[in-house]
Amino acid sequence: MQAEITWLDDPEVFRVNQLPAHSDHPFYADEEECRRGNSSLCHSLNGMWQFCYSKNAGERPADFYREDFDTAGFDEIRVPGHIELAGYDKIQYINVMYPWEGQDYRRPAGTPSAENQRADLFSGAVYNPVGSYRRVFDLPENMKGKRISLFFEGVEQAVYVWLNGNFIGYAEDSFTPSEFDLTEAVRDTGNILAVEVHKRSTAAFLEDQDFFRFFGIFRNVSLIARPDLHLEDLWIRPLYEPETQRGELRLRMKLTGQTEGGRVQVTVRDAGGKTYLQETLPARETAEAAWQMPELVEPWDNHNPFLYHMELRLYDGEGGLTEVVPWEFGFRRIEIRDRVILLNGRRVVFCGVNRHEWSPETGRCIGREEMEWDMACMKRNEINAVRTCHYPDQIPWYDMCDRNGIYMIAETNLETHGSWQKWGNMDVSWNLPGSFPAWREVTLDRARSNFEVFKNHTAILIWSLGNESYVGDVLEEMNRLYKEWDPDRLVHYESVIYNRAYEDTVSDIECRMYAPPGEIRKYLDHDPKKPFILSEFMHCMGNSAGGFRSYMELLDEYEMYQGGFIWDFIDQALFVTDMVTGKKVLRYGADFDERPADYEFSGDGIVFADRREKPALQEVRYLYGKYR
């Protein structure tokens, strides 16, 4: 199979030879690796790669993936990282508009507005930068002879992959993992990996988030080795009955490799090492089991994030240990009863924030240190919930929320704000995904990936269909599918307020942005259908957040009003060296001479981009502390 540059222009081509999304569980070759938390079955490819920047697809070195290609003219670039922050291309911050507005006329394929538009919208664009990456690697000794895959945690925005001159695959969806099977093409030594990243494709219509528009390999890259018997996918469903404090544990596993004669040992303990469950199941391609917990269970919540520890050991037909899989999970129940959201039988109040991943040095390419600081900041400031605006976050963040009892709205990578809202006016003639067949599969795939990767995380109470994408039949189907995949959680979506025809079929919750307290009262005083949360409120830009108390006091009056998520947690700004003073200073939207731009709208966090706390955070800490 050959790669086609025209895939950039076709919304119905978004994954080619990409492995199906699966749970994000870690796995280790033996107990000692598991104890250390360092798997020999995962090998990092982070570091310095050879790199070539091109202004558009026509100018790129199209055959750079060939083994005999001369890379003498290539530079070096660090992976992971944004190409713009390595000195290439331009830095641009946009909120609502698409980044090409006022420069190029583009309308999405498969909609009536695109009838007279050129077919090579992105592949033939004068400006659509390309990053061509190459690196040579040898397989670690312990990986030789095993099934090998290439695992990207995040690549923005469209990526082609070759190994040793062979086309491997293509992917979009910047913020969920992309994985490719390398087994047939990989060799023990001297592997030549070539990765071509395009800044824009039809995916750009779906990723119109309020942020700086970067591209490149911006999250970790790894080689993954699968043992002869491997746990490919895991779904743990801990069911909790608040009235009796009883728990039921349901387990579904997908195994690959040599299952004949194999077995899986399942052990569940608490943090103190007490064993509650130890069972052995035969290894099958798909295996399911369910057990009643033998004792009353400790429920998980923000005040007591109690986690049980599961360990799965896989043995082949000869009794040899092939893999150890650990996972921590909690028993909790999220539901709506009498139009009130209950957690473990009690009304829950979300004292939350929206959080972009951000560093003033490296943009959305952040490390564990920034994540740990963010978590500690939330804990000391009485924040009990986070919305992953407006895309899936790095995998470790979900683990941290599980362990710290932070309630999550887990958002699908979808925002199409610029397709229907223009400078305060609405034009829904080509809103995406709307009800357009050409955009159905790509949108549902993003929801499926979000669910499959993160489904085991106790902290996720609510799935989100995305952000500011109006409504339509496709979003209605997304909601239905989330309900089929996961009947134990709620579904959130805000933009249904613009078209009440979908009110009963798109969201379990009445979600609003920036509704003043009077509008909240009006909704709650008129026999509302659903509980109410503010998916965004306060908009902490400049000297704001002064009306916070008026929102929080409504919690005492209305049981169906259940809090909200401040916009947002951290400013998006970048450090630069001031040309006059020579000092390091923060620069916001439009400070990089980019146009179009949305200026200081990138600075509306309760902490500055360098993680200094703003004065408004004192008010947040005081009022959230009263209600969480």
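Me: In this predicted model, is Arg611 buried or exposed?
Reply: The relative accessible area of Arg611 is 11%. Buried means under 20%, so Arg611 falls in that class. The answer for Arg611 is buried.

Me: Which loop holds Arg611, and what is its phi?
Reply: Arg611 is in the loop between S37 and H10. Although Arg611 is not a glycine, its phi is positive. The value is about 70°.

Me: How many Å apart in space are Lys584 and Cys365, C-alpha to C-alpha?
Reply: Along the sequence, Lys584 and Cys365 are 219 residues apart. In space, their C-alpha to C-alpha separation is 20 Å.

Me: How are H2 and H3 oriented to each other, parallel or antiparallel?
Reply: The axes of helix H2 (residues 368-380) and helix H3 (residues 395-404) come within 11 Å, crossing at roughly 30°. Angles under 35 degrees count as roughly parallel. The crossing of H2 and H3 is also right-handed. H2 and H3 are therefore roughly parallel.

Me: Which residues of H3 meet H2?
Reply: The H2 side of the contact consists of Arg368, Met371, Glu372, Asp374, Met375, Met378 and Lys379. By class, the contact of H2 with H3 has seven nonpolar, one polar and five charged residues. On the H3 side are Pro396, Trp397, Met400, Cys401, Arg403 and Asn404.

Me: What is the handedness of the crossing of H4 and H5?
Reply: The axes of H4 and helix H5 (residues 473-485) cross at roughly 30° and come within 10 Å. H4 and H5 are therefore roughly parallel to each other. Their crossing is right-handed.

Me: Which residues of H5 make the contact with H4?
Reply: From H4, the contact uses Arg440, Thr443, Leu444, Ala447, Arg448, Asn450 and Phe451. The residues of the contact of H4 with H5 divide into eight nonpolar, two polar and three charged. H5 supplies Val474, Glu477, Met478, Leu481, Tyr482 and Trp485.

Me: Which residues is Ser449 in contact with, leaving aside neighbours within four places in sequence?
Reply: Ser449 sits in helix H4 (residues 440-454). Ser449 has a relative accessible area of 4% and is buried. Leaving aside neighbours within four places in sequence, its contacts are Arg15, Ala21, Asp173 and Thr176.

Me: How many Å separate the C-alpha atoms of Ser449 and Pro392?
Reply: Ser449 and Pro392 are 57 residues apart along the chain. Their C-alpha atoms are separated by 9.6 Å.

Me: Is Pro487 buried or exposed?
Reply: Pro487 is in the loop between H5 and strand S32 (490-492). In sequence, Pro487 is 152 residues apart from Glu335, and their C-alpha to C-alpha distance is 10.0 Å. With a relative accessible area of 53%, Pro487 is exposed.

Me: Which residues have the most contacts inside the largest nonpolar core?
Reply: The largest nonpolar core has 128 residues. A second, separate core has 65 residues, including Phe215, Ala225, Trp291 and Tyr308. In the largest core, the residues with the most contacts inside it are Phe350, Tyr561 and Ile566.

Me: Where is Pro80, and what is the omega of the peptide bond from Val79 to Pro80?
Reply: Pro80 is in the loop between strand S4 (75-79) and strand S5 (93-94). The peptide bond from Val79 to Pro80 is cis. Its omega is near 5°.

Me: What is the omega of the peptide bond from Glu156 to Gln157?
Reply: Gln157 is in the loop between strand S8 (155-156) and strand S9 (158-163). The peptide bond from Glu156 to Gln157 is cis, with omega near 15°.

Methods. Residues are numbered from 1 along each chain as its sequence is written. This is a predicted model: local features need pLDDT of at least 70, side-chain atom pairs count only at pLDDT 80 or more; totals for chains, interfaces and linings use all residues. Side-chain values use heavy atoms; hydrogens and water are left out. Axes are lines fitted to C-alpha atoms, for helices over the stretch in contact, and angles run from 0 to 180 degrees between N-to-C directions. Helices (H or I, at least four residues) and strands (E, at least two) are DSSP runs, numbered from the N terminus. Angles under 35 degrees count as roughly parallel, over 145 as roughly antiparallel, 65 to 115 as roughly perpendicular and the rest as oblique. A crossing is left-handed if the near helix is turned anticlockwise from the far one by less than a right angle, and right-handed if clockwise. Contact means heavy atoms within 4.5 Å. Ala, Val, Leu, Ile, Met, Phe, Trp, Tyr, Cys and Pro count as nonpolar, Asp, Glu, Lys and Arg as charged, and the others, Gly among them, as polar. A nonpolar core is a set of buried Ala, Val, Leu, Ile, Met, Phe, Trp, Tyr and Cys residues joined through side-chain atoms within 4.5 Å. Buried means under 20% relative accessible area, exposed over 50%, partly exposed in between (1.4 Å probe, protein chains only).
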